[in-house]
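Subject: Structure handover and findings

Hello,

Here is the structure I promised to pass on. My notes follow below it.

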Amino acid sequence: MLYVVLFFLIFSLYLYVVLGGADYGAGIIELFSSEENQKITKKTIYRVMGPVWEANHIWIIILIVILWIAFPAYYNIMVIHLHIPITIVLLGVTLRGVAFVFRHYDAIIDNSQQLYDTMFKVSSLVTPIFLGMVFGALISGEIMVVEDASTLSFYEAFIRPWCNIFSVLVGLFFAALCAFLSSVLLIGESEGGNENIYIRKSTIAAIVVFVVGLVTFGYGYFSGNIFVLDFIKDPFTMILVVFSAVLLFPLWKTIKNGNKVWSRFFAGLQVFLILLAALISHFPNIIITKTGSISLMDNIAPDAVINVLGITLIIGGTVILPGLFHLLKSFKMIKILERNSTSN
């Protein structure tokens, strides 16, 4: 059952990066648009994201619950040493949700609408940045796990692990990735010939992702980051990276042509390859501290707990996944099922 739990852990992470990432990216796209395009994007976001935006965040809940129950040592390190960025993420998700609802259902159009718009756009940018910084902190080698926490200053224990250049770069990379995913999604959801707006933004976002990713790895390499060095040394990760780079060509072609199905497929596949490469290079030692790496398999829950959790996830998956599929199909977000999708 341990492998079942691990599968759902990684599967939830991937779905949250893709679906939740596209959700955040919609606000980022709106933030970095002209005033005219902001109005278009705002209407498109509400029509597309409105029915599914809450469902997109179920995956991070599943992810956290799995870590909490099955891998308590990892969960403890995250919520103790990274409680500040995690709290900011929770606040960002809350404010973003409040703004998303009230800017569409507030009956009075006044200055409060501007406040809701600003809250939505800013929180859509800040939240994924800090989510990325949390992951960057886990692999930055700046976390200090000691038996006696009183020997550490507040800065050493709770600030330096995530407030460093490498973690910030990872956060910016994830935010750029979110913008890219969302712009690709919106190509197939735009109306009235507005798809050219998102085709252009997809191209720009792809370039930003590439540049920020290159800068992040360059900084990690020259600063001696263990995760980056092991990533480069692993032949399997490099194969995945090369394959991901090759996919840029058909991806750009499908984006340029405004293809609804293949652009989403290639974008999702690229995210899968990037995530897989990141996990393979150091799995199961995902957390890298000042004193070395910590294995995900250390201090896991008892077998009885793992077995119950695995069975629960299987049962829950058989209910949630068909429901999610039906939800996306009902609101025509699965373009491959549309009869005329192959011609677009």
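Is Lys-42 buried or exposed? Lys-42 is buried, because its relative accessible area is 18%; buried means under 20% relative accessible area, exposed over 50%, and partly exposed in between (1.4 Å probe, protein chains only).

Before the rest, some ground rules. This is a predicted model, in which local features need pLDDT of at least 70 and side-chain atom pairs count only at pLDDT 80 or more, while totals for chains, interfaces and linings use all residues. Residues are numbered from 1 along each chain as its sequence is written, and side-chain values use heavy atoms, with hydrogens and water left out.

Salt bridges

The whole structure has 4 salt bridges, each being a side-chain nitrogen of Lys or Arg within 4 Å of a carboxyl oxygen of Asp or Glu. Helices and strands below are DSSP runs numbered from the N terminus (helices: H or I, at least four residues; strands: E, at least two).

Lys-42 pairs with Asp-117 in one of these bridges, at 3.1 Å from N to O. Lys-42 sits in helix α2 (residues 35-49) and Asp-117 in helix α7 (residues 111-138), so the bridge ties together parts that are 75 residues apart in sequence. Asp-117 is buried too, with a relative accessible area of 16%.

Another bridge joins Arg-96 and Asp-23, at 2.6 Å from N to O. Arg-96 belongs to helix α6 (residues 83-105) and Asp-23 to helix α1 (residues 2-31), 73 residues apart. Both of these residues, Arg-96 and Asp-23, are buried.

Glu-142 bridges to Lys-290, with the closest N and O atoms 3.5 Å apart. Here Glu-142 is in the loop between α7 and α8 (154-159), and Lys-290 is in the loop between β1 (287-289) and β2 (292-294), 148 residues apart. Lys-290 is partly exposed, at 45% relative accessible area. Glu-142, Lys-290 and Arg-160 are linked in a network of salt bridges.

Core and surface

The largest nonpolar core holds 92 residues; such a core is a set of buried Ala, Val, Leu, Ile, Met, Phe, Trp, Tyr and Cys residues joined through side-chain atoms within 4.5 Å. Helix α9 (residues 165-187) gives the most to this core, 15 residues. Among the residues with the most contacts inside the core are Val-5, Leu-9 and Phe-71. Beyond its neighbours within four places in sequence, Phe-71 has contacts (heavy atoms within 4.5 Å) that include Leu-2, Ile-66, Leu-296 and Ile-300.

On the surface, Ile-207, Phe-210, Val-211, Leu-214, Val-215, Phe-249 and Trp-252 make up a nonpolar patch with about 710 Å² of accessible area together. Patches take residues with over 30% relative accessible area and no salt bridge, joining like charges within 9 Å and nonpolar side chains (Val, Leu, Ile, Met, Phe, Trp, Tyr) within 5 Å; areas come from the Shrake-Rupley method with a 1.4 Å probe, and for residues only the protein chains shown count as cover. Helix α10 supplies the largest share of the patch, 5 residues. Phe-249 lies in helix α13 and counts as exposed, because its relative accessibility is 60%.

Cysteines and backbone

There are 0 disulfides (pairs of cysteine sulfur atoms within 2.5 Å). Cys-178 is buried at 1%, whereas Cys-163 is partly exposed at 40% relative accessibility.

The peptide bond between Phe-283 and Pro-284 is cis, with omega about 5°. Pro-284 is in the loop between α14 (260-282) and β1. Asn-299, a residue other than glycine, has a positive phi near 55°.

Regards
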